[in-house]
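Subject: Handover of a structure

Dear colleague,

Please find below the sequence and the structure that I am handing over to you. My findings follow directly after them.

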Amino acid sequence: MSSSPTPLEREQKDKEDRAREAEEQAKLPYKWTQTIQDLDITVAVPSNLRGKDIVVDMTKTKLKVGVKGQEPFIDGPLPHEIRPSESTWTLEPTSSGKDISIHLDKTNKQQWWASVITNAPYFLDTSKIQPENSKLGDLDGETRGMVEKMMYDQRQKEMGKPTSEEQGKLEMLEKFKQSHPEMDFSNAKMG
């Protein structure tokens with residue numbers, strides 16, 4: 001008989017998982033962060049390098065980043081598609097050298113990535129990601145409409161008023177009553 005972990009055991013496991021992920025990320029030749037919409041990568045390089053020395057090839061499904069004539073830092077298939085026309089890279093000076101900064105614009109704005117490339121040896125547990133609060137404007141039209149309806153219905157319930165669906169039923173009933181004045185609705189119950 002297996003029992004589910006206690007909150008303390010779960011917290012300890014989460015802490016161990018975060019430590020393991022941090023250790024695995026530290027082994028990568030680059031650092032990366034993501035939001036639900038995009039992914040940013042930085043690769044530290046020597047300060048004597050210039051833009052013409054850098055190789056960055058981005059397609060919808062692949063990424064290669066490196067220095068000409070050297071083994072690439074990143075080279076492989078992306079786990080999900082990006083929009084290359086909206087993705088960019090720059091070479092920026094830092095206190096210890098320069099950073100190749102890459103910004104990838106995700107095609108699917110509703111998906112967390114477990115890794116930058118699928119052949120990377122280290123993966124994040126995306127189930128532990130705490131999503132940032134999205135703005136309604138970030139959502140596509142259909143999703144935005146559903147969220148706005150849910151928010152409206154929640155506010156109506158909190159105020160003890162009918163939801164949008166209940167309002168629709170009441171309006172239909174009123175129209176029916178008006179078109180059938182001969183019927184007696186005095187004992188009708190809504191429910």
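Helix α3 covers residues 164–179, and both lysine 177 and glutamate 174 lie in this helix, three residues apart, which is about one turn of the helix. Helices here are DSSP runs of H or I with at least four residues, strands are runs of E with at least two, and both are numbered from the N terminus. The side chains of lysine 177 and glutamate 174 meet in a salt bridge, at 3.6 Å from N to O. A salt bridge is a side-chain nitrogen of Lys or Arg within 4 Å of a carboxyl oxygen of Asp or Glu. Lysine 177 is partly exposed because its relative accessible area is 29%, and glutamate 174 is likewise partly exposed, at 40%. For these terms, buried means under 20% relative accessible area, exposed means over 50%, and partly exposed lies in between (1.4 Å probe, protein chains only).

Please note that this is a predicted model, in which local features need pLDDT of at least 70 and side-chain atom pairs count only at pLDDT 80 or more, while totals for chains, interfaces and linings use all residues. Residues are numbered from 1 along each chain as its sequence is written, and side-chain values use heavy atoms, with hydrogens and water left out.

Further salt bridges

The structure holds four salt bridges. One of them joins glutamate 81 to lysine 60, with the closest N and O atoms 3.9 Å apart. This pair links distant parts of the chain: glutamate 81 sits in the loop between β5 (74–77) and β6 (88–94), and lysine 60 in the loop between β3 and β4, 21 residues apart. Glutamate 81 has a relative accessibility of 36% and therefore counts as partly exposed; lysine 60, at 46%, also counts as partly exposed.

Another salt bridge is formed by aspartate 105 and arginine 83, whose closest N and O atoms are 2.6 Å apart. This pair, too, links distant parts of the chain, since aspartate 105 belongs to strand β7 and arginine 83 to the loop between β5 and β6, 22 residues apart. Aspartate 105 counts as buried because its relative accessibility is 9%, whereas arginine 83 is partly exposed, with a relative accessible area of 37%.

Three strands make up an open sheet in the order β3-β4-β5, with antiparallel pairing. Strands are taken to pair if DSSP finds at least two bridges between them. The edges of this sheet are β3 and β5, each of which pairs on one side only.

Strands β3 and β4 form a hairpin with three residues between them, and five bridges join the two. Methionine 58 stands opposite leucine 63 in β4. Strand β3 has a covered face, with Ile54, Val56 and Met58, and an uncovered one, with Val55 and Asp57. In a regular strand, side chains alternate between the two faces of the sheet. Four bridges connect the antiparallel strands β4 and β5, where valine 65 has isoleucine 74 of β5 as its bridge partner.

The other open sheet has four strands in the order β1-β2-β7-β6, again with antiparallel pairing. Its edge strands are β1 (31–34) and β6, each pairing on one side only, and its twist averages 20° from one strand to the next. Seven bridges hold β6 to β7 in an antiparallel arrangement; in β7, aspartate 99 is the bridge partner of glutamate 92.

The nonpolar core

The largest nonpolar core has 24 residues, and Tyr30, Ile41, Leu63, Leu104 and Val116 touch the most other members. Such a core is a set of buried Ala, Val, Leu, Ile, Met, Phe, Trp, Tyr and Cys residues joined through side-chain atoms within 4.5 Å. Two or more residues of this core come from each of β2 (38–45), β3 (54–58), β4 (62–67) and β7 (97–105), and the largest share, four residues, comes from β2.

Leaving aside neighbours within four places in sequence, leucine 104 is in contact (heavy atoms within 4.5 Å) with Asp38, Leu39, Ile41, Met58, Leu63, Leu78, Ile82, Ser87 and Trp113.

With kind regards

Key. Axes are lines fitted to C-alpha atoms, for helices over the stretch in contact, and angles run from 0 to 180 degrees between N-to-C directions.
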